[in-house]
Amino acid sequence: MSFDQRLERAIQRGKTSREARDRELAERRLSSEELKTRYAAGRIELSDRIESCLKQLGDHFPGFRFESILGDEGWGARVMRDDLQFQQGRGASNSYSRLELVIRPLGQQPIIELVAKGTIRNREVIQRRHYQQLEQLDLESFSELIDLWVLEYAEQYASQQ
């Protein structure tokens with residue numbers, strides 16, 4: 001077999017392997033409807049987890065009001081409280097504390113995104129954002145992250161009370 005024939009065969013094998021790889025990638029890619037379904041299922045599970053964690057946080061710190069978030073800004077929940085502080089010679093001052101966790105609406109990119117904002121006594125202490133591609137969605141890691149962020153906020157709030 002001449003070098004030219006071997007070269008032709010090598011090129012053909014390369015083209016065949018590229019076509020097989022492209023077919024495999026196309027099969028693994030989720031359709032638009034599958035992405036929407038996966039997003040909706042993930043959003044529901046994660047927003048339930050958020051609500052559960054924030055309700056428990058409110059139970060441990062009396063005075064926090066719980067509020068579900070549903071709409072244009074996303075799905076999730078927040079806990080918040082307002083405190084009046086009386087200081088001798090200065091009068092009363094108002095401070096607020098809040099923790100909000102939201103799953104953002106599905107946009108152009110096939111991702112699911114979790115956003116957290118936390119404030120303690122008028123000072124922002126947490127601002128986080130985490131996302132994953134819907135094709136590689138791992139709800140367990142998101143749930144652990146929600147737990148971690150709520151626990152971190154609780155620790156900071158307790159240390160400043």
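These legends describe close-up views of a predicted model.

**View 1. Helices α2 and α3 cross at roughly 20°.** Helix α2 covers residues 32–60, and helix α3 covers residues 139–160. Their axes come within 10 Å. Angles under 35 degrees count as roughly parallel, so α2 is roughly parallel to α3. The crossing is right-handed. Two packed helices are described by the angle between their axes and the distance between the axes.

**View 2. Residues from α2 and α3 form the contact between the helices.** On α2, the contact residues are G42, E45, L46, R49, I50, C53, L54 and L57. On α3, they are L139, F142, S143, I146, D147, V150, Y153 and A154. By type, the contact divides into 11 nonpolar, two polar and three charged residues.

**View 3. R121 has a positive phi in the loop between β4 and β5.** Most residues other than glycine have a negative phi. R121 is not a glycine, yet its phi is about 50°. Strand β4 spans 111–120 and strand β5 spans 123–133, with R121 in the loop between them. Is R121 buried, exposed or partly exposed? R121 is partly exposed, with a relative accessible area of 27%.

**View 4. N122 also lies in the loop between β4 and β5.** What is the phi of N122? The value is near 70°, which is positive, and N122 is a residue other than glycine. N122 is partly exposed. Its relative accessible area is 40%.

Key. Residues numbered from 1 in each chain as written. Predicted model: local features only at pLDDT ≥ 70, side-chain atom pairs only at ≥ 80, totals over all residues. Heavy atoms only, no water. Axes fitted to C-alpha atoms, helices over the stretch in contact; angles between N-to-C directions. Helix = DSSP H or I, 4+ residues; strand = E, 2+ residues; numbered from the N terminus. Parallel < 35°, antiparallel > 145°, perpendicular 65-115°, else oblique. Left-handed = near helix turned anticlockwise from the far one by under 90°. Contact = heavy atoms within 4.5 Å. Nonpolar A, V, L, I, M, F, W, Y, C, P; charged D, E, K, R; others polar. Buried < 20%, exposed > 50% of the residue type's maximum accessible area, 1.4 Å probe, protein only.
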